[in-house]
Structures are given as C-alpha cells and as structure tokens.
Amino acid sequence: MSPVSYLLQRGTAMLMVPLIITHLAVIIMAVQGGLSAEEILSRTHGSMMWAGFYGLFVFAASIHAGIGMQTILREWTPLGRLASANIGHALIAILWVLGARAIYAVVWA
Ligand code: HEM
C-alpha cells in the first residue's frame with residue numbers, strides 16, 4: 001500500500017467515527033415512533049445539512065472501502081498490483097455514484 005493510500009484509508013476511518021456515531025444516534029431516534037418513509041423524508045427533504053452529512057459519509061466510506069478492497073484482492077487473489085488498484089478505483093467510483101443517487105433521492109427527488 002502506498003503512503004498516500006495508507007493515509008487516505010486511516011484518515012477516512014477517523015473521519016467516519018463521528019459520522020457513524022451520529023448516524024446510529026439518528027437511527028435510534030428515528031425508529032422511536034416506528035420507521036416510515038414520511039418520517040425520513042420529512043427530516044432529509046431539502047436539507048443541505050443532511051446532504052452535506054451523507055455526502056461526506058459516502059465520500060469517506062467509498063475511499064476507505066475501495067482502498068481496503070485493494071489490499072484484500074492483493075492478499076487473497078492472484079491479481080497483481082495494477083489490476084487490484086483498477087478494481088479498487090472502479091469500486092470507489094461505483095460507490096460514489098450509488099451514494100450520490102441515494103442522497104439525491106432523500107434530499108431533492
Ligand atoms: C468508523 C468506521 C471504521 C473504522 C474506524 C475503520 C478502520 C479501519 C482500519 C484501521 C483498517 C485497516 C486495517 C489494516 O490495514 O490492518 C480498515 C480496513 C478496512 N476497512 Fe474499515 N473502518 C471503518 C469503516 C469501514 C466501512 C464502513 C467499510 C465498508 C464500507 C470498511 C471496509 C474496510 C475494508 C474492506 C478494509 C480492508 C481490510 C484489510 O486491509 O485487511 N471499513 N478499516
């Protein structure tokens with residue numbers, strides 16, 4: 001793993017700690033009165049704050065998971081460094097697109 005990947009993976013892991021704690025707290029509060037689409041959308045719809053929060057979360061988790069998968073592919077498959085890196089980068093791009101679509105759906109659609 002290159003020094004840049006190392007720092008990005010550890011940096012995104014640290015960034016995700018407060019995001020995950022907040023995410024869990026919101027889940028616990030949200031399920032109190034039963035979980036419904038109306039409840040979620042009433043909180044997220046039109047909210048730049050939640051768009052920013054989930055945007056940062058998607059950004060960090062995608063990079064973290066993409067770099068982590070490169071390590072797993074290198075260790076557990078016969079793939080070389082370049083192929084593992086290409087798959088890892090593709091995974092980051094796919095997770096960004098899926099995450100951006102999900103945020104669009106709960107904030108703007
Ligand atoms: C706050 C939450 C998280 C923390 C603190 C965290 C921390 C870490 C750390 C320190 C490593 C490096 C392990 C090593 O190289 O020895 C790692 C690896 C990894 N993480 Fe996370 N992680 C978090 C969330 C996630 C999430 C949400 C995903 C998936 C979307 C994920 C997927 C992975 C993968 C695939 C690896 C590679 C495993 C390996 O190198 O053997 N992590 N994580």
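Which pattern does the protein follow when read along the sequence? The protein follows the pattern α-α-α-α.

## Basis of the report

The structure is a predicted model, in which local features need pLDDT of at least 70, side-chain atom pairs count only at pLDDT 80 or more, and totals for chains, interfaces and linings use all residues. Residues are numbered from 1 along each chain as its sequence is written.

## Overall form

The secondary structure of the protein comes to 4 helices and 0 strands. The radius of gyration is 17 Å, well over the 13 Å that the globule rule gives for 109 residues, so the protein is more spread out than a compact globule. Here the radius of gyration is taken over C-alpha atoms, and the globule rule is 2.2 Å times the number of residues to the power 0.38. Helices (H or I, at least four residues) and strands (E, at least two) are DSSP runs, numbered from the N terminus.

Along its principal axes, the C-alpha trace spans about 50 × 25 × 25 Å. Of the 109 residues, 13% count as buried. A residue is buried if 20 or more other C-beta atoms lie within 10 Å of its own, exposed if 12 or fewer, and partly exposed in between, with C-beta atoms placed from the backbone. Two residues are in contact if their C-beta atoms, placed from the backbone, lie within 7 Å. Among contacts between residues at least 6 apart in sequence, 71% join residues at least 24 apart.

## The shell around the ligand

A residue is near a molecule or strand if its C-beta atom, placed from the backbone, lies within 6 Å of it. The residues that surround the ligand are Arg10, Ala13, Met16, Val17, Ile20, Ala61, His64, Ala65, Gly68, Met69, Thr71 and Ile72. Helix H1 (3–30) and helix H3 (48–76) each supply at least two residues of this shell, and the largest share, 7 residues, comes from H3.

By type, the shell divides into 8 nonpolar, 3 polar and 1 charged. In this scheme Ala, Val, Leu, Ile, Met, Phe, Trp, Tyr, Cys and Pro count as nonpolar, Asp, Glu, Lys and Arg as charged, and the others, Gly among them, as polar.

The expected span of a helix is 1.5 Å times one less than its number of residues. For the 29 residues of H3 this should be 42 Å, which agrees with the 41 Å between its end C-alpha atoms. The buried residues of H3 are Tyr54, Val58, Ala61, Ser62, Ile63, His64, Gly66, Ile67, Gln70 and Leu73. What covers them includes H1 and H4.

Helix H4 (residues 81–107) has 27 residues and should span 39 Å; its end C-alpha atoms are 38 Å apart, which agrees. Its buried residues are Gly88, Ile92 and Ile103, and they pack against H3.

## Individual residues

Phenylalanine 53 lies in helix H3. With 17 other C-beta atoms within 10 Å, phenylalanine 53 is partly exposed. Phenylalanine 53 and leucine 19 are 34 residues apart in sequence, yet their C-alpha atoms are 7.8 Å apart in space. Arginine 81 belongs to helix H4 and counts as exposed, with 12 C-beta neighbours inside 10 Å. The C-alpha atoms of arginine 81 and glutamine 70, 11 residues apart along the chain, are separated by 8.2 Å.

Helix H1 contains methionine 29 and alanine 30. Methionine 29 is exposed, with 10 other C-beta atoms within 10 Å, whereas alanine 30 is partly exposed, with 14. Between the C-alpha atoms of methionine 29 and alanine 13, 16 residues apart along the chain, the separation is 24 Å. Alanine 30 and valine 4 are 26 residues apart along the chain, and their C-alpha atoms are separated by 38 Å. Leaving aside its neighbours within four places in sequence, alanine 30 is in contact with Leu35, Glu39 and Ile40.
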